[in-house]
Amino acid sequence: MQDSSGRGKITEIYEKLLAFFGPQGWWPVYSDNGPRYHPGDFSYPKTDIQRIEIAFGAILTQQSSWKNAEKALFNLMEHGLLDLEGILETEEEILRNIIRSSGYFRQKAERLKLFSGFVLDRHGDMEDLFSSDTKELRRELLSVKGIGNETADSIILYAAKKPKFVVDAYTFRLIERMGIAEERDYDSVQRLFEEEMPKNLEIYSEYHALLVELGKNHCRKKPNCTDCPLKQICLYNKKA
Ligand code: SF4
């Protein structure tokens, strides 16, 4: 679906969102003063601890708001548990309490342990895990119980820094309302974005973050279209 200048709708959405919200600087990583977004700086993560922080964050935010996941992440940090061995050595009951704020803490404690065990057994550290090519890395991550498409792709994009488009509930909702696709199928929606947008780490990183920003502020369950940057090109808004 292309406009008169030859741009597709997916490109147009990206341009409008970036112009409206500006660079988002995902994924936040901790500095001395707390979690920090780093707009325009794609050098993060810089250390194995930051890679672990992003991977654990991606697990903790499953079915939870980032705010609650972040509290759990902070607690892990306070306990010195942004550490794969440390997670394995911590009793599951204790780990559940540490990450309680993230919700579904029983499953998530198990998932943190399974993920940590998988990295240590198969690779030794995050850097070695991420040395595989994107396809192999994705296959490996998906083989870990509790890691689905969105979590795997978040880890690949933001922690391993390999261009893989992340699809989430906000993405599905938006493309339905924009009249781009109706089927909520992860792989085909991901393909739509990856086929139209250049395979570029910075663009994929920004695009997903911008869709989350739009979903939180405008394209909610009950949409707030009045100030939405996409209202001129949105099918839902035109019909309304
Ligand atoms: S115009 Fe309304 S429905 Fe369309 S993307 Fe914006 S908030 Fe969502």
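Is lysine 162 buried or exposed, and what is the relative accessible area of lysine 162? Lysine 162 is buried, with a relative accessible area of 16%, where buried means under 20% relative accessible area, exposed means over 50% and partly exposed lies in between, computed with a 1.4 Å probe and protein chains only. The model is a predicted one, in which local features need pLDDT of at least 70 and side-chain atom pairs count only at pLDDT 80 or more, whereas totals for chains, interfaces and linings use all residues. Residues are numbered from 1 along each chain as its sequence is written, and side-chain values use heavy atoms, with hydrogens and water left out.

Lysine 162 sits in the loop between helix H9 (149-159) and H10; helices (H or I, at least four residues) and strands (E, at least two) are DSSP runs numbered from the N terminus. Leaving aside neighbours within four places in sequence, lysine 162 is in contact, meaning heavy atoms within 4.5 Å, with Phe130, Ser132, Thr134, Leu137, Ile156, Leu157 and Leu201. A polar atom of the lysine 162 side chain lies 3.0 Å from the backbone oxygen of phenylalanine 130, and the C-alpha atoms of lysine 162 and leucine 137, 25 residues apart along the chain, are separated by 9.9 Å. Lysine 161, in the loop between H9 and H10, counts as partly exposed at 29% relative accessibility, and its phi is near 60°, a positive value in a residue other than glycine.

Arginine 138 belongs to helix H8 (residues 134-142) and is buried, with a relative accessible area of 14%. Its side chain makes a polar contact with the side chain of asparagine 149 at 3.2 Å; such a contact is a pair of N or O atoms within 3.5 Å, of which, within protein, one must be able to donate a hydrogen and the other to accept it, and residues adjacent in sequence count only if both atoms are side-chain atoms. Not counting residues up to four places away in sequence, arginine 138 touches Asn149, Asp153, Ile156, Lys164, Tyr186, Asp187 and Gln190.

In helix H10 (residues 169-177), the residues Thr171, Phe172, Arg173, Leu174, Ile175 and Arg177 are buried, and what covers them includes helix H1 (9-21), helix H11 (186-196), helix H12 (201-217) and helix H13 (235-239). At the start of H10, a side-chain oxygen of aspartate 168 reaches to within 3.2 Å of the backbone nitrogen of tyrosine 170, and just after H10, glycine 179 takes a positive phi of about 80°.

Other backbone details lie in loops elsewhere. The peptide bond from tryptophan 26 to tryptophan 27 is cis, with omega near -10°, and tryptophan 27 is placed in the loop between H1 and strand E1 (29-31). The bond from tyrosine 44 to proline 45 is cis, with omega near -5°, and proline 45 is in the loop between strand E2 (34-36) and helix H2 (48-60). Glutamine 63, in the loop between H2 and helix H3 (66-78), has a positive phi of about 55° although it is not a glycine, and is exposed, with a relative accessible area of 60%.

For the protein as a whole, there are 13 helices and 2 strands, and 50% of the 240 residues count as buried. Residues 24 or more positions apart account for 59% of the contacts with a separation of 6 or more.
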